[in-house]
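Please look at the sequence and the structure before trying each task.

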Amino acid sequence: MTGNTTLQSSDHGSIIRKDAKYVMQNYGRYKIVLSSGNGCVVRDVSGREYIDCVAGIAVNNIGHCHPKHVEAIKEQAEKLIHVSNLYYTEPQAELAEQLAGITGMSRVFFCNSGTEAVEAAMKLARVTTGKTDFVAVEHSFHGRTMGSLSVTYKDIYRNPFKPLVQEEMFVPYDDSDAIADAITDKTAAVIVEPIQGEGGINVPSDRYLQDIRSICDETGTLLIFDEVQTGFGRTGKWFCKEHSGVEPDIMTMAKAMGGGFPMGAIAAREGISFDKGQHAATFGGSPLACAAALASIRVIREEGLIKRSQEMGDYFMGRLRNMSLDGVVDVRGRGLMIGVELDRKCADIVEYCMENGVLLNCTSEKVLRIAPPLTINKGQIDSVVDVLEQA
Ligand SMILES: *Cc1c(COP(=O)(O)O)cnc(C)c1O
């Protein structure tokens with residue numbers, strides 16, 4: 001174990017009791033208290049290790065506490081942590097240039113989370129088109145603030161908070177005709193995840209995104225790709241859109257962007273941009289966040305993590321398809337964004353894996369989501385599959 005005080009397991013109980021007393025109980029948490037990590041492994045307060053196939057929900061793409069990431073954050077923290085967007089800083093300009101290069105888009109706007117990125121994309125679509133409405137798809141997840149919640153599918157997330165920005169606008173996923181039918185003269189944009197994350201790791205057919213692109217072009221509707229979960233190498237490309245060759249008008253990013261440091265952004269193609277005063281975020285693109293993101297991008301490049309995501313993802317899916325676990329309906333995904341659909345709820349398996357040193361999570365009740373750091377190796381993948389087979 002590294003670091004200062006080694007907490008005794010009695011601290012485990014006291015931490016959980018404090019949470020129960022003082023933190024709003026909106027999360028259903030597993031009963032472990034995590035305190036350190038490196039690479040694909042996290043440790044709890046009693047020193048038990050877990051192979052982390054949650055990775056902060058597709059956030060820790062470069063692994064936990066990568067030395068180059070830690071160093072860059074330390075260095076920037078000693079220099080300048082935050083200044084207002086009334087002024088320029090070098091990390092922000094540098095990161096914007098790099099993102100334009102990686103995404104092929106023209107300009108970016110920086111914010112601090114996925115939901116904020118979706119809000120920005122929706123505002124940009126409205127102000128660009130002068131239209132108000134959105135078409136979204138079933139099983140979508142775009143965030144929890146009022147705008148992004150409006151285009152998020154699940155009733156249990158939406159219903160307590162109505163009225164939202166817009167009522168029903170959902171059409172089935174992977175059905176481009178349904179999108180064509182849903183677009184009206186009020187539609188500003190269509191918003192889709194190129195692979196659905198929270199909705200159960202749903203990979204659409206090859207032509208889907210191309211067909212939506214054509215429909216949007218024909219009707220003068222903007223196309224927004226929500227790449228919050230699929231970005232930064234997760235699917236074996238920098239961004240998932242590259243698998244289809246389709247360019248959106250606006251794209252969102254967040255989760256893995258800062259390597260674990262909270263950060264989000266949108267990027268838009270030439271000709272689509274906010275004008276002065278149309279949008280802002282106090283913390284958006286702070287020097288510290290940008291330094292973290294720049295370091296994370298550098299690690300992804302230097303360690304060849306895009307290719308690795310592809311290779312380890314293929315290996316992982318191959319092992320999962322051949323494992324002996326009862327009730328597996330489907331193994332799907334791209335790169336290291338993998339879903340294992342079961343014929344039953346997966347809560348028990350998640351619990352068993354946790355007790356046996358593997359963190360996984362469950363999405364859409366029956367889908368085990370596997371999204372480890374892109375640095376995972378074959379030995380660790382084999383260990384995960386072994387535990388799943390015993391489950
Ligand atoms: C997680 C997620 C969001 C919301 O991101 P937050 O940072 O939690 O607000 C939005 N869109 C997609 C596709 C996501 O996976």
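In what follows, Ala, Val, Leu, Ile, Met, Phe, Trp, Tyr, Cys and Pro count as nonpolar, Asp, Glu, Lys and Arg as charged, and the others, Gly among them, as polar. The model is a predicted one, in which local features need pLDDT of at least 70 and side-chain atom pairs count only at pLDDT 80 or more, while totals for chains, interfaces and linings use all residues. Residues are numbered from 1 along each chain as its sequence is written, and side-chain values use heavy atoms, with hydrogens and water left out.

**Exercise 1.** List the residues around the ligand and sort them by class.

Solution. Sorted by class, the shell consists of two nonpolar, five polar and three charged residues.

**Exercise 2.** Find polar atoms of Gly 114, Thr 115 and Gln 229 that face oxygen atoms of the ligand, and then state how much of the ligand the protein covers.

Solution. Begin with the backbone, where a polar atom of Gly 114 is 2.8 Å from a ligand oxygen, and where an N or O atom of Thr 115 also lies 2.8 Å from an oxygen atom of the ligand. Next take the side chain of Gln 229, which has a polar atom 2.8 Å from an oxygen of the ligand. Finally, of the 380 Å² of accessible area (Shrake-Rupley method, 1.4 Å probe) that the ligand has on its own, the protein covers 81%.

**Exercise 3.** Identify the disulfide and explain which parts of the chain it ties together.

Solution. A disulfide is a pair of cysteine sulfur atoms within 2.5 Å, and by this rule the count is one. Its partners are Cys 346 and Cys 362, with sulfur atoms 2.4 Å apart, and the link is right-handed, with 85 degrees about the S-S bond. Cys 346 lies in the loop between strand S12 (337-342) and helix H13 (347-355), and Cys 362 in strand S14 (residues 361-363), so the pair ties together parts that are 16 residues apart in sequence. Helices (H or I, at least four residues) and strands (E, at least two) are DSSP runs, numbered from the N terminus.

**Exercise 4.** Is Cys 346 buried or exposed, and what is the relative accessible area of Cys 362?

Solution. Buried means under 20% relative accessible area, exposed over 50%, and partly exposed in between (1.4 Å probe, protein chains only). Cys 346, at 0%, is buried, whereas Cys 362, at 24%, is partly exposed.

Definitions and conventions
A polar contact is a pair of N or O atoms within 3.5 Å; within protein, one must be able to donate a hydrogen and the other to accept it, and residues adjacent in sequence count only if both atoms are side-chain atoms.
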